[in-house]
Amino acid sequence: MIQPISDPSILEGYLTDASNLRGHADGLLRPRTTEEVAEIVRHCQRLAIPLTITAARTSTTGSPVPFGGLLLSTELLHEIGPITHDTATAGAGVILGQLQDAIEATGRFFPPDPTSRYDCTLGAAIACNASGARTFKYGPTRPWIDALEVVLPTGEILYVRKGDPIPSDWPIPTWSEPDVKTAAGYAPPQDLLDVFIGQEGTLGVVTRAVVRLTALPHDVIGLLAFFPDRATAIAMVSTLRDASRAAPDGGLSPRCIEYFDHQCLALARKRIEGVPDAAACALFCEQEVATADAQDGHLSAWWEALEAGGALASDTVIATDDTSRKQLHALRHAIPAGINEEVVRNGMPKLGTDLSVPDSALTTMMEAYDKAPIRHVLFGHIGNNHLHLNLLPKTPDELATAKAFYDDLSRLAISLGGSVSGEHGIGKAKVKQLGWMVGDATLAAFADLKRALDPHWILGRGTMIATPTA
Ligand SMILES: Cc1cc2nc3c(=O)[nH]c(=O)nc-3n(C[C@H](O)[C@H](O)[C@H](O)COP(=O)(O)OP(=O)(O)OC[C@H]3O[C@@H](n4cnc5c(N)ncnc54)[C@H](O)[C@@H]3O)c2cc1C
């Protein structure tokens, strides 16, 4: 077996993630091949050594953070190819955005787009069933995976294709997932492939994937529409949803609908021009254009909808050329830049929610966000009723208040038929909240599956399900 690196100055960089949780490990392994991965996993299972899979550590939940044992990094599993008309094959450690660029250079398209796509890996996007803005049109990562090479927690190498049956002796949890965008718990699988998507590094190491491709749109129009009040913006979201459902490729068929609240607009106004004084909130949408001829039809459908829907139509930024694309880019990026500046100034971590609810509960959830007891900013994937409330504490007391408020919001989302994670997963940060959502019997069923595949519970200890003590 390759020797673990134990140099603390190297290990140091692998002990945390974007959640700021900090762990410890005895060594780091960077396998180059699936066989090396299998050998490491077999060794750890034989000796009951905890093994945490780490990729690019952009997780916001502590999922790749180790608490003892060894770390297995996927960073050297980074080959790309072949890319054909229908599929692309790549190693788990490939940076997702780089793979997408390589695919788009061939005129094809792999849609999953977590905001972190130029920082995170393909394998982790699969392991976390990552989503992004385009999930509104294309769904999460899961439907875009055709086959996986996986090393089971026993070290056995499996090549799994869509539709392969689940072995009859695997105790598969049966439970009802909420009917919302969700990345919480082991999804009830349709086939064997499903078992390894969204398992957060607890049921196997994904070493290689075959992803499904679709047509690259001829063009994409970006629109930033401002609204005089929130109710008008929410009504517009309903209009856009209804139009997309009725005609997924029609004139008004956004691939994403993103929301920015008045605090976001205030941050943007400090940095750039173009945010009207009368705007209380904004929606950012992208409209795919299949052919050059189709552009005018889309533009008139959008104008009509925005004017009829009460948007500040003449202030809408519509990006159809490089200058307007740059203006839109500057506007959208002024918001995270402003938030990050504030977080640094506060010297305290921000707390971001990841809750999703059904369409019918969007307004109730937004009213609950309004009650945040400390400074906050609200933005995100409103098309999927999945907004990120960013709580910005300035003191340890405010951080504690924010955490208690987050718990209240989680309970509310569950009571409304929602999920405690729309896309970031459970990791180590939301184990308690997952229990509230699925209940003890389902948690026990998750544990049964985990134990059946991973007898010594070596992979991803502490992630998603509490590790049994005995
Ligand atoms: C600024 C920012 C924006 C983000 N935006 C989004 C977003 O829009 N949508 C979204 O869904 N997420 C988002 N995330 C969260 C995060 O980027 C995703 O969860 C991403 O999939 C993690 O990828 P990673 O390579 O960094 O994996 P890591 O953080 O290193 O690992 C994440 C988990 O995956 C497991 N894992 C990693 N590789 C494998 C493998 N090959 N096989 C099995 N398990 C594996 C790890 O054990 C761990 O449990 C964002 C994070 C940040 C910091």
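This is a predicted model: local features need pLDDT of at least 70, side-chain atom pairs count only at pLDDT 80 or more; totals for chains, interfaces and linings use all residues.
The shell around the ligand is made up of 36 residues, of which Ser-59, Ser-63, Gly-123, Ala-124 and Gly-201 come nearest. At least two residues of the shell are supplied by each of β2 (51-54), α4 (122-127) and β9 (205-212), and it is α4 that gives the most, with four residues.

Helix α7, which covers residues 230-246, contains Val-237. This residue counts as buried because 20 other C-beta atoms lie within 10 Å, and 20 is the number from which a residue is called buried. Once the neighbours within four places in sequence are left aside, Val-237 is in contact with Ile-257, Ile-382 and Gly-383. Between Val-237 and Asp-359, which are 122 residues apart in sequence, the C-alpha to C-alpha separation in space is 10.0 Å.

Helix α13 (residues 431-453) has 23 residues, and although a straight helix would reach 33 Å at 1.5 Å a residue, the end C-alpha atoms of α13 are only 20 Å apart. A bend of about 105° is found in α13 at Gly-439. The buried residues of this helix include Leu-434, Met-437 and Val-438, together with Leu-443, Phe-446 and Leu-449, and Gln-433 and Lys-450 are also among them. The partner against which the buried residues of α13 pack is helix α12 (396-415).

Note on methods
Residues are numbered from 1 along each chain as its sequence is written. A residue is near a molecule or strand if its C-beta atom, placed from the backbone, lies within 6 Å of it. A residue is buried if 20 or more other C-beta atoms lie within 10 Å of its own, exposed if 12 or fewer, and partly exposed in between; C-beta atoms are placed from the backbone. Two residues are in contact if their C-beta atoms, placed from the backbone, lie within 7 Å. The expected span of a helix is 1.5 Å times one less than its number of residues. The bend at a residue is the angle between axes fitted to the seven residues ending there and the seven starting there.
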